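Let's walk through this structure together, one region at a time. Keep the 3D view open as you read.

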Amino acid sequence: MNTTRHFIITSALAGLVLAGCGTADSAETTRDHAEDGEFFSVEDPWIKATEESLDTSSDHSMTGAFVHLTNVSGEDQTIIGADAEIAEVVELHEVVDDGGVNLMQEKEGGFPVAADERYELNPGQDHIMLMDLTDDVNPGDRIEVTLELANGETQVIDFVAKEYVGAQENYGDLEHDHGDDAEHDHTH
Ligand SMILES: [Cu+2]
C-alpha cells in the first residue's frame, strides 16, 4: 500500500513539473532543481528483490533497477554511470537481439535523455544492473542508487525493492545469459 501511495504522489509531482514547463517561471524552477541535483523527475523507481534469483542457477548475485525518468533540467543530459553501496559493480545495460536471443550488455555511451524527454528503464529493456551484491535485496528494502551524469553531477534515486511479477521467464533467460562471463567480456 505504501508503495502504491508513493507512486501516485511521485506521479503527481512529475505532472506538476511538466505542467509548469510552458510558464514564464519554469526556467527558474528548473535551475533550482538542477542545483539540488534533481535533473530528473522520477516515477516508480523499483529494484528487483533477489530472493528468487539467488536460488537459481546463477552463481553471481545481481539484480536490476528500473525507473521512468523525465529530464526536467532544461538541458540535454546523459547518464554515464551509476553507483550503489550494495553492489561492487554497477553498469548501465541495454538488451539486444543477438540472433533471436536476448542478451544484456553495457550500453555504449550511457543513457542519453534530451531536455524535457522521458527515458524508461524497464525489465527486458534498458536498466541499471547491480552485480556482486554485498547483501540480499528483500521486498520493501529501500536501495539508494546514484546516477552519474556526463556533466559531472549526480542524482540519488531511492529504489523500493519488489518481487518481480510478469515476464518472469524472459527475465530469467536474461539473467542466465548475463552470467556467461565470456559474453560479458565481449562488451568491453
Ligand atoms: Cu543487465
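Two strands are said to pair if DSSP finds at least two bridges between them. With that in hand, look at strand β3 (residues 77–84) and strand β6 (residues 111–113): they run antiparallel and are joined by 3 bridges.

The mean pLDDT of the protein chain is 76, and 63% of its residues reach 70 or more. Which parts have low confidence? One is residues 1–35, where pLDDT stays under 50; the model has 26 contacts beyond four places in sequence for this stretch. Another is residues 167–188, where pLDDT also stays under 50, with 27 contacts beyond four places in sequence in the model. Where pLDDT is low, the predicted coordinates should not be read in detail.

Now step back to the whole chain. It has 4 helices and 10 strands. Going from the N terminus, the order of elements is α-α-β-β-β-β-β-β-β-β-β-β-α-α. Of the 188 residues, 28% count as buried. Among contacts between residues at least 6 apart in sequence, 75% join residues at least 24 apart.

Another strand pair to look at is β4 (residues 87–98) with β5 (residues 101–106). These two run antiparallel and are joined by 6 bridges. Val96 has Leu103 as its bridge partner in β5. The β4 and β5 hairpin has 2 residues between the strands, and within this hairpin Gly99 takes a positive phi near 60°.

Let's turn to the interior. In soluble globular proteins, nonpolar side chains tend to be buried together. In this model the largest nonpolar core has 34 residues, and those with the most contacts inside it are Ala65, Ala84, Ile128, Leu130, Ile143 and Val145. Strand β2 (residues 62–71) gives the most to this core, with 5 residues.

Leu130 is in strand β8. Is Leu130 buried or exposed? Leu130 is buried because 28 other C-beta atoms lie within 10 Å, and the cut-off for that label is 20 or more. Beyond residues up to four places away in sequence, Leu130 touches Met62, Thr63, Ala65, Ala84, Ile86, Ala87 and Val90. Take Ala87 from that list: Leu130 and Ala87 are 43 residues apart in sequence, yet their C-alpha atoms are 5.6 Å apart in space.

Asp132 lies in strand β8 (residues 127–133). You will find Asp44 in strand β1 (residues 40–48), and with 18 C-beta neighbours inside 10 Å it counts as partly exposed.

What about Gly74? Gly74 sits in the loop between β2 and β3. Gly74 has 18 C-beta neighbours inside 10 Å, so it counts as partly exposed. Computed along the chain, Gly74 and Phe40 are 34 residues apart, while their C-alpha atoms are 10.0 Å apart in space.Our last stop is Lys162, in strand β10 (residues 154–162). Lys162 is partly exposed because 17 other C-beta atoms lie within 10 Å. Leaving aside neighbours within four places in sequence, Lys162 is in contact with Trp46, Ala49 and Pro139. Lys162 and Asp141 are 21 residues apart in sequence and 8.2 Å apart in space, C-alpha to C-alpha.

Key. Residues are numbered from 1 along each chain as its sequence is written. This is a predicted model: local features need pLDDT of at least 70, side-chain atom pairs count only at pLDDT 80 or more; totals for chains, interfaces and linings use all residues. A residue is buried if 20 or more other C-beta atoms lie within 10 Å of its own, exposed if 12 or fewer, and partly exposed in between; C-beta atoms are placed from the backbone. Two residues are in contact if their C-beta atoms, placed from the backbone, lie within 7 Å. A nonpolar core is a set of buried Ala, Val, Leu, Ile, Met, Phe, Trp, Tyr and Cys residues joined through C-beta atoms within 7 Å. pLDDT is the predictor's confidence in each residue, from 0 to 100.
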